[in-house]
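Dear colleague,

Please find below the sequence and structure that I am handing over to you. My account of what was found follows directly after them.

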Amino acid sequence: MSESNTNKPTVVEPDYTLPFTVSSALLRELGERLVGQAHIALAELVKNSYDADATKVVIKFESNRIIIEDNGHGMDRKEFENFWMRIGTAHKQEKGISREFARPLTGSKGVGRLAVQFLARKVDLYTVAKQEELHARVDWDKAVNAGELTEAKAELWFSDAGRQFPEQKTHGTRIELTGLVHEWESASFAKLAREIWFLEPPIRKLRSSNSNDDNIAFEVELSSENSDDERKFKQQMAAILQIWHAKINGKLSVSEEGQSILKVLLTFPDGETNLFEYPVDDPKLH
């Protein structure tokens, strides 16, 4: 018998195998560790709207209720099941950009529903992608106490589409949070704005509101029973406009001779403008 055979380890088959299980309490644990603060949790929901190619998000603070509504592309049954009901999906990292406006995706780690759980005890989600409205309801106390994570359920209803979303769109998502877990102080609204201000293109605020350039349009509107909350939110969202030095607009065009020209316009706060033109030699642009 060769030496290699004598030294061959003996394989002992196991008596049985045991799979990992996940406690449903992990929903709460992950929410607290990955989200941590109420304004960050709400910001995650706004980022989801941005990633869904919404042009407007409306946030309403009412008595023990928060409503977040957008006019994004919404979710159909398959998308809801594969993305919203699955914790930790990596589809945003894999895609990289949004489906319609090619925006860089901002949501991460699939924590949107954990943000919902962190904010309130119950959530009602209404979403329309095509001709059908999906209504999902989750009681987070029941979900967390379900025992196994796979036993945590969402109740679903389906109906014909007919709801209107911001800017009279027939598609989008509305999230109603009830049984709020955290107290919202005025300072919290400024903190919320600091988390999402960069999603609103500042150049859009500096030009005519008649522009319909949807691929850069994104507006967050917030209303509260306390006018001071609204004021602090708006001030923080617009803070970047107090420190701008110049607005830069670029446009690529082709001259009568067939030469590609890049036109760059600088506009300064006092109204002064400078226009620069540069020839572009890339044949792909002709």
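**Packing of helix 8 and helix 10**

In helix 8, Ser186, Phe189, Ala190, Leu192, Ala193, Arg194 and Ile196 are in contact (heavy atoms within 4.5 Å) with Asp228, Asp229, Lys232, Phe233, Gln236 and Met237 of helix 10. The residues of this contact comprise seven nonpolar, two polar and four charged; here Ala, Val, Leu, Ile, Met, Phe, Trp, Tyr, Cys and Pro count as nonpolar, Asp, Glu, Lys and Arg as charged, and the others, Gly among them, as polar.

Please note that this is a predicted model, in which local features need pLDDT of at least 70 and side-chain atom pairs count only at pLDDT 80 or more, whereas totals for chains, interfaces and linings use all residues. Residues are numbered from 1 along each chain as its sequence is written, and side-chain values use heavy atoms, with hydrogens and water left out.

Helices (H or I, at least four residues) and strands (E, at least two) are DSSP runs, numbered from the N terminus. The axes of helix 8 (residues 186-196) and helix 10 (residues 227-237) cross at roughly 25 degrees and come within 8 Å of each other. Helix 8 is therefore roughly parallel to helix 10, a description used for angles under 35 degrees. Axes are lines fitted to C-alpha atoms, for helices over the stretch in contact, and angles run from 0 to 180 degrees between N-to-C directions. The crossing of the two helices is right-handed, that is, the near helix is turned clockwise from the far one by less than a right angle.

Ser186, Ser188, Phe189, Ala190, Leu192, Ala193 and Ile196 of helix 8 are buried (under 20% relative accessible area, with exposed over 50% and partly exposed in between; 1.4 Å probe, protein chains only). These buried residues pack against helix 3, strand 1 (56-62), strand 7 (219-224) and helix 10. Lysine 234, in helix 10, counts as exposed at 52% relative accessibility. Its C-alpha atom is 9.0 Å from that of phenylalanine 189, which is 45 residues away in sequence.

**The nonpolar core and isoleucine 68**

A nonpolar core is a set of buried Ala, Val, Leu, Ile, Met, Phe, Trp, Tyr and Cys residues joined through side-chain atoms within 4.5 Å. The largest such core has 44 residues, of which Leu42, Leu45, Ile59, Ile68, Leu177, Ile196 and Phe233 touch the most other members. Helix 3 (residues 38-51) contributes the most to this core, with seven residues.

Isoleucine 68 belongs to strand 2 (residues 65-70) and is buried, at a relative accessible area of 3%. Neighbours within four places in sequence aside, isoleucine 68 contacts Leu42, Leu45, Val57, Val58, Ile59, Thr173, Arg174, Ile175 and Leu177.

**Two loop residues with positive phi**

Most residues other than glycine have a negative phi. Asparagine 64, in the loop between strand 1 and strand 2, has a positive phi near 55 degrees and is partly exposed, with a relative accessible area of 46%. Glutamate 167, in the loop between strand 5 (155-160) and strand 6 (172-180), has a positive phi of about 65 degrees and is partly exposed at 39%.

**The protein as a whole**

The protein has ten helices and ten strands. Of its 286 residues, 37% count as buried. Among contacts with a separation of 6 or more, 65% are between residues 24 or more positions apart.

Yours sincerely

Definitions and conventions: Angles under 35 degrees count as roughly parallel, over 145 as roughly antiparallel, 65 to 115 as roughly perpendicular and the rest as oblique.
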